[in-house]
Each structure stands twice: as structure tokens, then as C-alpha cells.
Amino acid sequence: MINFRKYILWAVSLLVVILLFAGIDYILHTIRVEWAVPDYYFHNKIIYGFLWSIPALGLALLFHKVWQRAFIFSFVISIILQIRYYFEGYPLDFVLIFLFIHFAILFVLSLIMFKLNKYI
């Protein structure tokens, strides 16, 4: 039988992680003028971040240790988002800087998520 409660808890967890990720990223983009981006950047980050978090979660759950899950989850989402931003025309140095920043934010947030959802 399908456990809808489990899927709803994961979906809510993913949404919370992506919303916090976008919020922290918003703050970081306001620190330096060179890092400024248009408002749609954050809307797209929420939409695409959440959509990509689903297969990233599926891949991460193949691993058993919490830190491994967080690493894979963060790596997949960071890489995919940054590839997209590169093809949208953002400069390579900007993309690489935010690849590491996005990964660090997602790693911390997803580490918490996987620890809290350890028994789901």
C-alpha cells in the first residue's frame, strides 16, 4: 500500500529546504552589486529547485549515511541550476562562485532535512 503520509512529509521537507535556500540566496545576492540578479531568478530557483529536488532525493536515498545523502542531493541540484544559469548567459565566474555557495547552503539545509527525516 502507498504511504501517502511519507510522500507528503518528504514533499513538505523539500519545499521548506528550497524556500530557505532561495531566501538565503536572495540575501547573498544583495551583498555585492556584481551579484545582483533579476527578481525572476528567485521565482525560477524555487520552481526548478523544487522540481529537481524530487529526482535528487530519489538518488540521495540510495545512500545510507546522512552526510552522503546531503552531499548527493546538494550536488545534483547545484550542478543542474548552475548549468541552467550558464546557458541563460550568466558569466562563468559568477556561475562558479554560486555553484559553491549554492552547494554549501543546500548541504547544510539538506543535512538537517535528512537528519530530521531519518526515520521516514
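## A charge over a ring

Let's start with Lys-6, whose charged end sits over the ring of Tyr-7, 5.6 Å from the ring centre. A charge sits over a ring here if NZ of Lys or CZ of Arg is within 6 Å of the ring centre and within 35 degrees of the ring normal.

## About the model

This is a predicted model, in which local features need pLDDT of at least 70, side-chain atom pairs count only at pLDDT 80 or more, and totals for chains, interfaces and linings use all residues. Residues are numbered from 1 along each chain as its sequence is written, and side-chain values use heavy atoms, leaving out hydrogens and water.

## Aromatic pairs

Rings of Phe, Tyr and Trp (its six-membered ring) pair if their centres lie within 6.5 Å; planes under 30 degrees apart count as stacked, over 60 as edge-to-face and the rest as tilted. The count by this rule is 14 aromatic pairs. One of them joins Tyr-41 and Tyr-90 edge-to-face, with 5.9 Å centre to centre and 70° between the planes. Tyr-41 belongs to helix α2 (residues 40–60), while Tyr-90 is in the loop between α3 (66–87) and α4 (92–116), 49 residues apart. Helices (H or I, at least four residues) are DSSP runs, numbered from the N terminus. Both Tyr-41 and Tyr-90 are buried, meaning under 20% relative accessible area, with exposed over 50% and partly exposed in between (1.4 Å probe, protein chains only).

Phe-71 and Phe-103 also pair edge-to-face, at 5.3 Å centre to centre and 70° between the planes. Phe-71 lies in helix α3 and Phe-103 in helix α4, so this pair ties together parts 32 residues apart in sequence. Phe-71 is partly exposed at 36% relative accessibility, and Phe-103 is partly exposed at 21%.

## One cluster

Tyr-41 and Tyr-90 turn up again in one aromatic cluster, together with Tyr-26, Trp-35, Phe-42, Tyr-85, Phe-94 and Phe-98.

Key: Helix = DSSP H or I, 4+ residues; strand = E, 2+ residues; numbered from the N terminus.
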